[in-house]
Amino acid sequence: MDWFPLLNSLRIAGISTAFIFFAGLFAAYYIAKTPPVVKGLLDVVLTLPLVLPPTVIGYALLRILGPNRLVGAWVLHVFGVRLTMTWWSAVFATSVVIFPLMYRTARGAFESFDETLAYSGQSIGLSNTYIFWRIRMPYCRQGILAGTVLAFARALGEYGATSMVAGYIPGVTATVSTTVYQLWRTNDDALAFRWVTVNLAISFVVLLAVNLIEKSNEKSKPDRYRM
Amino acid sequence: MSIYVDIEKSYGTFHLSVQLDAGDETLALLGGSGSGKSLTLKCIAGIERPDRGSIVVDGVTLFDSERRIDLSPQERRTGLVFQNYALFPHMTVLENIRAGARREPDAKKRTDSVDRIVDRFGLGCLTGHTPAMLSGGQQQRVALARILVSEPRILLLDEPFSALDGHLRHRLEDELKQVIESFGKTVVLVSHNRREVFRLSDRIAVLEEGRVGAVGTREEIFRNPGTRSGAVLTGCKNISRIRRKGDRLVEATDWGIDLFVDAELADDAEQKEYAGIRSHDIAWAGHANSGNPPENVYRFDVLDEIENPFSYTVILRAQGQSDAEPMQWDMDKPAWERIRTPSVDVCLPPEFILLLKK
C-alpha cells in the first residue's frame, strides 16, 4: 500500500491548520472590536464557507487562482508558478473551508473572556501583546485548542474544493479522500476499504481528542468567584 | 500628589458630567447603581474614553480632549482594583504579583520589590496557590499587592468589599485603611456603602445621575448631605416633600406636619424641596416639658415595630393623618420596651432636620 495520500493529507491539513490558527485568532480578536454593523456583515462573510458546498468554494478559487484568471495569471507571469494542480494548491482549498471553524470557536472562546482581566493587566502596566498571549490565550486555551483540532480534522477530510483546485494526480496531489473516490471509481474495492478504515481511525482519534479537551475544560473552569 | 478630573461622557441617554479634585487623601465617590461612579473610575484609568474634558494626576495630563492627549492605561499608572479583584486565574499568587512588577527593568530590583510586598501582605505561605484556592479576603490582599508593586501614581478602588461576606468586611476595612495610609498618596474609592465610605475616606463626593451632587468632608456630608439622594445614600430613612410656610417654618406634606427648622438653613429654603430626619435623631418627648420650647413635638400612632438585634425600628404616622407617609424611628431596645405604647409623643429637633435639594 502506497502511503503517499496519507502523508499528503497530513501535510496539507497541518499547513492549512497552522495558517488558519493565526488567521482565525486574528479575525476573532479584531472583529469583536468593530462596530455592530460591520461585525454582523464580516461575520456572515467569514462564516459563509461553512455552509457553502465545497464545490462552490472550489469554483470560486479556480476563478481567482486559475492560470487564466487574475491572480493565477499574474503569479504565473511574475514567478512562473502555477497555483493550481500542485499538492500545495490544496492548502488554499482546505484553508478557506476550515477558516470558519477556527474563527467561530475562537470568537466563542474570546467572548467568554472576562475583560476586567485585560483591564487590570493594563492597569499594572502589562503590554497588550503580553495580555493577549499570556492572559487571554491561556484563559481561552481549551476552546481554541478544540477549534484547532476540529479544523485539522475537517482539513484532513476535505474533498470537494481540493479535488477541483488540486485534482487527483497519483503520487503528486492525491489525498486520502480523493484516493478513496478514485479507487471506488476504478472498482478497487479492497484498497478503497482499507483507506476508509484509515480515515475512520483518524476521525475517531480526533473526535476523542476534542471530547477529552472539552472535558478537561469543564473540570478546570476558572472558579474565581468562590469566596 | 493630586488628581483633577473634569470630564463629560454620553452613553445613550445617560450623561456623565463630573468635576473632582483631591490631594493626598482618600476621596470617596458615593452613589447608587447607575450614578456613574464606576464609569468615572474607568475614565480615569483609561478603560473608557470621555467625550470631553481633562484628567490630571500628579501634574501629568492623562487625558485632555482639547490638546488631544489620551495616554494608554499602561502609561497612566493608575492602579485600579476591580470589585472582583480580577486576579489572573491560571497564574499562582506569586506569578500574579510578579506580573505587577514587570514594568521594572532591573531584575534584581524586581525580585526585591516582589519579596517585600509578599512579606508585607503576609502572603508567604500562599505564593503557590491559584486565586481559586483563596478566600475573598486573601484575593483582595493579592490584588492590592499586585497593584502596589506596580507603583501606581494613585489608587482607584472600585467597591472593594462588594464581593465579601458581611463579617469579613469589618476586619478587611481596617486592613485596607492601613494600606491606604501607608500608600500615602491620592486614593479614589467608589462605593454605595455609607459605612465603608465613612470609615475609609477623608472627603466624599455624592454622585447622582452622572453628576456630583455634593462634595465635602465626610463629617459635613453625613451631617448635611445637601440633596435628597445624598441623604438616602448616607442612610437617612425619613424624607418628605416640603412647602415653605415662613422664615423658619415648613410644611412636611408627606408626613402631614409642620416643622420648625434651624434659621440658618431656612435662608435658601426656596430651592430646598425636601426635608429629612435620620431615624435615630427623632427623640422621645414623653416626659413632661422640661422648660424647652416644645418645637416640632407631635403625637404619632405606632403602626408597627421591627425588632433588630440591639434596637427597635418603630413605624410612626402623625396622629389623625391617615394619608401621611409613615416614618421610621430607631429606639434603644430597653427604652422602647419600657415605654411601648400605641401612640407616642416624639420630637423632631429642628437642628436635626435636613433641608435637601432635589
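Glu209(B) is partly exposed, since 15 other C-beta atoms lie within 10 Å. Here a residue is called buried if 20 or more other C-beta atoms lie within 10 Å of its own, exposed if 12 or fewer do, and partly exposed in between, with C-beta atoms placed from the backbone. The structure is a predicted model, in which local features need pLDDT of at least 70 and side-chain atom pairs count only at pLDDT 80 or more, while totals for chains, interfaces and linings use all residues. Residues are numbered from 1 along each chain as its sequence is written, and chains are lettered from A and ligands numbered from 1 in the order in which they are written.

The model has an ipTM of 0.80 and a pTM of 0.80. For chain B the average pLDDT, the predictor's confidence in each residue from 0 to 100, is 90, and 96% of the residues score at least 70.

Glu209(B) is placed in the loop between strand 10 (203-208) and strand 11 (211-217) of chain B. Helices (H or I, at least four residues) and strands (E, at least two) are DSSP runs numbered from the N terminus. The phi of Glu209(B) is near 45°, a positive value in a residue other than glycine. Most residues other than glycine have a negative phi. A positive phi, near 40°, is also found at Glu159(B), again a residue other than glycine. Glu159(B) belongs to the loop that runs between strand 8 (154-158) and helix 6 (166-183) of chain B, and is partly exposed because 19 other C-beta atoms lie within 10 Å.

Chain B contains 11 helices and 21 strands. Its C-alpha atoms fill a box of roughly 75 × 50 × 35 Å along the principal axes, and 42% of its 358 residues count as buried. Contacts are assigned where the C-beta atoms of two residues, placed from the backbone, lie within 7 Å. Among the contacts of chain B between residues at least 6 apart in sequence, 63% join residues at least 24 apart. The domain assignment, which is automatic or from a database, divides chain B into domain 1 (3-224) and domain 2 (236-356). The centres of these two domains, taken over C-alpha atoms, are separated by 39 Å.

Tyr11(B) has Phe14(B) of strand 2 as its bridge partner. The two strands form a hairpin with two residues between them, and Gly12(B) in the turn has a positive phi of about 60°.

An open sheet of chain B comprises five strands in the order 16-20-17-18-19, with antiparallel pairing. Strand 16 (283-284) and strand 19 (327-332) stand at the edges with a single partner strand each, so one side of each is left without a neighbour in the sheet. Strand 19 pairs with strand 18 (residues 311-318) in the antiparallel sense over six bridges, and Asp332(B) in strand 19 is the bridge partner of Ser311(B).

Nonpolar cores were defined as sets of buried Ala, Val, Leu, Ile, Met, Phe, Trp, Tyr and Cys residues joined through C-beta atoms within 7 Å. The largest has 112 residues, and those with the most contacts inside it are Ala93(A), Ala145(B), Leu156(B) and Val188(B). Helix 5 (residues 89-111) of chain A gives the largest share of this core, 14 residues. A second, separate core of 31 residues includes Ala231(B), Val250(B), Ala285(B) and Phe300(B). Leaving aside residues up to four places away in sequence, the residues touched by Val188(B) include Ile3(B), Ala22(B), Leu41(B) and Leu156(B).

Between the chains, 19 residues of chain A are in contact with 28 residues of chain B. On the chain A side, helix 6 (115-123) and helix 7 (128-139) are the elements that give two or more residues, and helix 6 provides the largest share, six residues. This side has 10 nonpolar, six polar and three charged residues, where Ala, Val, Leu, Ile, Met, Phe, Trp, Tyr, Cys and Pro count as nonpolar, Asp, Glu, Lys and Arg as charged, and the others, Gly among them, as polar. Buried residues of helix 6 of chain A include Leu117(A), Ala118(A) and Gln122(A). The buried residues of this helix pack against helix 7 of chain A together with helix 1 (37-45), helix 2 (73-76) and strand 7 (78-81) of chain B. Just after helix 6 of chain A, Gly125(A) takes a positive phi of about 95°.

Definitions and conventions:
Two strands pair if DSSP finds at least two bridges between them.
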